[in-house]
Amino acid sequence: MFVCWIWWLGRFTNIFFLYPQQTDLNSFLWTIKRDPPSYFYGTIHVPYTRVWDFIPENSKQAFQESNIVYFELDLTDPYTISALTSCQLLPQGENLQDVLPRDIYRRLKRHLEYVKLMMPSWMTPDQRGKGLYADYLFNAIAGNWERKRPVWVMLMVNSLTEADIKTRGVPVLDLYLAQEAERMRKRTGAVEKVEEQCHPLNGLNFSQVIFALNQTLLQQESLRAGSLQVPYTTEDLIRHYNCGDLNSIIFNHDTSQVPNFNNVTLPPNEQATAQEIDSYFRQELIYKRNERMGKRVKALLEEHPDKSFFFAFGAGCQSSLANSGRENKDILTS
C-alpha cells in the first residue's frame with residue numbers, strides 16, 4: 001500500500017516531497033526533491049486497462065525516466081509466488097476440516113459450492129474470448145483451499161465475488177508496471193519480504209481467526225440472500241482513483257489486506273474482538289510496517305544518490321499523507 005510511512009520518512013529525515021499540482025490530482029505522483037529526482041507513485045489493485053488511460057503523462061514519464069523501480073514485493077519473481085503459497089498452508093498433515101468448528105466448515109463448503117456454481121455466469125465475454133474458463137479460474141483462486149490456514153481462507157472468500165471475478169485475467173496495475181520495468185530492462189527490487197507480509201496475518205490467535213471467518217461468511221450469506229448491499233464496489237474504487245479522489249475509506253478497502261470487522265450491531269463481546277483484531281493489524285500492518293519500509297527507502301536513496309528511483313506502492317494512504325503534509329510545511333512543499 002502507499003503507506004503513511006512517506007510521512008514518517010519526511011518527518012525524520014531531510015527528504016522533501018512535492019505535492020502533485022491541483023491540475024494533476026489523479027496522477028498520484030509525488031516527487032522527492034533531489035538531483036536526479038525520485039518518485040513515489042500510488043497504484044491500485046485493479047486491471048491496469050481500467051485506469052491506464054486516466055494516468056497523466058507526468059506519471060508515465062517519471063516511470064520511463066527512472067533508473068530503478070521498486071515495489072512492495074517482486075511479483076515477477078517465482079520465489080515470491082511460491083513463498084506466498086507456502087505461507088498460507090496449514091502445518092503438514094493438517095486439513096481445514098480438522099481445525100474449524102463443524103458448523104463453520106459446512107457453511108464455508110456450502111458457500112464455495114455456490115461460488116463455483118455461479119462463476120460461469122459471472123465471467124465476461126471478453127474473459128471467455130481469451131480462453132479463461134470458470135473451472136480454471138475457480139481452481140486458480142480456491143484450489144487446495146482445504147489445506148489453507150483459516151485466515152487466508154477468509155481473505156480468499158472476500159475475493160470470490162462477482163465484481164472481483166469479472167476483473168480477473170488482466171494484470172493489475174502494480175504487476176503491469178513490474179512487467180513493463182522488466183521489458184524496459186530497468187533494475188527492479190522490493191522493499192518487503194514475503195514473510196513480513198505473511199507472518200502478521202498468521203499471528204492472529206485461533207479465536208480471532210474463527211471470529212473473522214464467521215463474520216466474513218455471515219456477510220457473504222447476507223449478500224446471497226439479498227439482505228445486504230456492499231457499501232462500495234470495485235467500480236467505485238476505479239472511479240475514485242481515475243478522478244484523483246483520495247478518499248481513505250474507499251482506498252483502505254482496496255489496500256488493506258484485512259477487512260474491518262467493527263460493526264455497531266455486534267454484541268459487546270464480539271465488538272471487543274473486532275476492535276482487538278483492528279488494533280492488532282494497525283500495529284503490525286501499518287505502524288511497524290511503515291517504519292520498516294521507510295527505513296529501507298531512506299537507505300536506498302542514501303546508497304544511490306545519483307540514481308532516480310520510482311517507488312510504486314498502493315494508493316491507500318495518500319489522504320493521510322496530504323493531511324500530514326499540510327500540518328508540516330517544512331516536510332512537504334507545494
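The following legends describe close-up views of one predicted model.

**Figure 1. Overview of the predicted chain.** The chain contains 16 helices and seven strands. It has 334 residues, of which 49% count as buried. Among contacts between residues at least 6 apart in sequence, 79% join residues at least 24 apart. The accessible surface of the chain comes to about 16800 Å², and carbon and sulfur atoms account for 49% of that surface.

Figure 2. Leaving aside residues up to four places away in sequence, Val-194 touches Leu-73, Thr-80, Ala-83 and Leu-84. The view may also include Tyr-79, whose C-alpha atom is separated from that of Val-194 by 9.2 Å, although the two residues are 115 residues apart along the chain.

**Figure 3. Salt bridge between Arg-50 and Glu-235.** Side chains of opposite charge can pair when their charged atoms come close. Arg-50 and Glu-235 form a salt bridge in which the closest N and O atoms are 2.9 Å apart. This pair links distant parts of the chain, 185 residues apart: Arg-50 is in the loop between strand 3 (38-43) and helix 2 (57-65), while Glu-235 is in helix 13 (residues 234-242). Arg-50 is partly exposed, at 32% relative accessibility. Glu-235 is also partly exposed, with a relative accessible area of 41%.

**Figure 4. Salt bridge between Glu-196 and Arg-292.** The side chains of Glu-196 and Arg-292 meet in a salt bridge, with an N to O distance of 3.5 Å. Here the pair links helix 11, which holds Glu-196, to helix 15 (residues 268-303), which holds Arg-292; the two residues are 96 residues apart. Glu-196 is buried, with a relative accessible area of 18%, whereas Arg-292 is partly exposed at 23%.

Figure 5. The side chains of Asp-236 and Arg-239 meet in a salt bridge, N to O, at 3.0 Å. What separates these two residues along the helix? Asp-236 and Arg-239 are separated by about one helical turn, because they are three residues apart in helix 13. Asp-236 counts as buried at 17% relative accessibility, whereas Arg-239 counts as partly exposed at 45%. In a separate group, salt bridges that share partners join Glu-72, Glu-192, Glu-196, Arg-289, Arg-292 and Arg-296 into one network. The count of salt bridges comes to 16.

Figure 6. Most residues other than glycine have a negative phi, and most peptide bonds are trans. The peptide bond from Asp-35 to Pro-36 is cis, with omega near 0°. Pro-36 is placed in the loop between strand 2 (29-32) and strand 3.

**Figure 7. Positive phi values at Asn-144 and Arg-185.** Asn-144 is a residue other than glycine with a positive phi, near 65°. The loop that holds Asn-144 runs between helix 7 (134-142) and helix 8 (150-159). Arg-185 likewise has a positive phi, near 60°. Arg-185 lies in the loop between helix 10 (173-183) and strand 5 (187-190). Is Arg-185 buried or exposed? Its relative accessible area is 77%, and because this value is over 50%, Arg-185 is exposed.

Key. Residues are numbered from 1 along each chain as its sequence is written. This is a predicted model: local features need pLDDT of at least 70, side-chain atom pairs count only at pLDDT 80 or more; totals for chains, interfaces and linings use all residues. Side-chain values use heavy atoms; hydrogens and water are left out. Contact means heavy atoms within 4.5 Å. Helices (H or I, at least four residues) and strands (E, at least two) are DSSP runs, numbered from the N terminus. Buried means under 20% relative accessible area, exposed over 50%, partly exposed in between (1.4 Å probe, protein chains only). Accessible areas come from the Shrake-Rupley method with a 1.4 Å probe; for residues, only the protein chains shown count as cover. A salt bridge is a side-chain nitrogen of Lys or Arg within 4 Å of a carboxyl oxygen of Asp or Glu.
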